[in-house]
Amino acid sequence: MRINKYLSGCGLDSRRKCEQLVLDGRVKVNGKKVTDLATDVNDYDIVEVDGHYVTLKEKKTYIMLNKPKGCVTTVSDDKGRKTVLDFVKVKTRVYPVGRLDYDTEGLLLLTDDGDLANVIMHPRNAVKKTYSVRIEGEISDAELKKLRSGVEFGGVKYSPAEVKVVDFEKGETKLTVTVVEGKNHEIKNMLEAVGKSVSFLKRVSIGDLKVGGLKRGEWRYLKPEEIAYLKSL
């Protein structure tokens with residue numbers, strides 16, 4: 001966020017008048033005086049004006065949930081099913097970023113920061129989402145090649161995916177699949193397009209952010225460095 005917008009968001013004055021505060025040398029960021037109006041500031045920089053600390057009026061909330069199976073990725077459900085908000089108990093009104101199917105588990109972000117949610121979800125930003133997948137039976141090199149080249153299912157075209165075979169055990173193949181689009185039922189439909197049925201699906205990462213350390217149904221607030229990373233996307 002540009003320094004004048006940040007200062008205005010702290011309730012000091014209009015953006016134009018906040019620009020003058022910077023030009024007059026009255027602003028410090030992380031202890032250093034700044035006079036460049038192009039200076040960018042994030043929520044975790046320490047900003048001072050005339051020796052007084054200032055912070056944004058509205059603090060956003062960022063949460064990571066390890067979504068379990070058997071709940072819907074909505075804030076309410078007219079069928080009476082559990083929603084992800086039955087697991088995340090906070091006073092702030094947060095919303096899921098994107099969607100995981102009812103029987104899909106894994107990393108789900110929730111926030112009240114609509115701008116960040118749009119950054120993560122919009123295909124043009126090509127934010128990678130990686131899934132751990134199990135399918136029934138084996139998968140051939142030809143089928144893998146199709147997935148890596150892009151497939152079509154039900155009249156919908158799916159972009160090329162990164163697909164790796166991890167293991168084969170008890171009649172099932174374990175894969176990791178990375179996509180950037182985020183279309184409805186994307187992984188299941190892509191594999192269905194090559195004749196494969198998904199028996200297990202879990203999102204393990206969004207970009208470099210991983211769900212490790214959380215049990216099913218557990219959640220936590222994102223760390224400052226994690227929020228900064230997501231905003232950098």
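Of the contacts in the chain between residues at least 6 apart in sequence, 62% join residues at least 24 apart, a contact being heavy atoms within 4.5 Å. The model is predicted, so local features need pLDDT of at least 70 and side-chain atom pairs pLDDT 80 or more, while totals for chains, interfaces and linings use all residues. Residues are numbered from 1 along each chain as its sequence is written, and side-chain values use heavy atoms, leaving out hydrogens and water.

The chain contains six helices and 15 strands, taken as DSSP runs (H or I, at least four residues; E, at least two) numbered from the N terminus. Its radius of gyration is 22 Å, well over the 17 Å that the globule rule gives for 233 residues, so the chain is more spread out than a compact globule. That radius is taken over C-alpha atoms, and the rule is 2.2 Å times the number of residues to the power 0.38. The C-alpha trace spans about 70 × 40 × 30 Å along its principal axes.

The largest nonpolar core has 27 residues; such a core joins buried Ala, Val, Leu, Ile, Met, Phe, Trp, Tyr and Cys residues through side-chain atoms within 4.5 Å, where buried means under 20% relative accessible area with a 1.4 Å probe, protein chains only. At least two residues of this core come from each of β5 (62-67), β7 (105-111), β8 (129-136), α4 (141-149), β12 (172-179) and α5 (186-193). Val133 is among the residues with the most contacts inside the core. Beyond neighbours within four places in sequence, Val133 touches residues including Leu175, Val177, Ile187 and Leu191. A second, separate core of 16 residues includes Leu107, Leu214, Leu222 and Ile227.

Notes. Buried means under 20% relative accessible area, exposed over 50%, partly exposed in between (1.4 Å probe, protein chains only).
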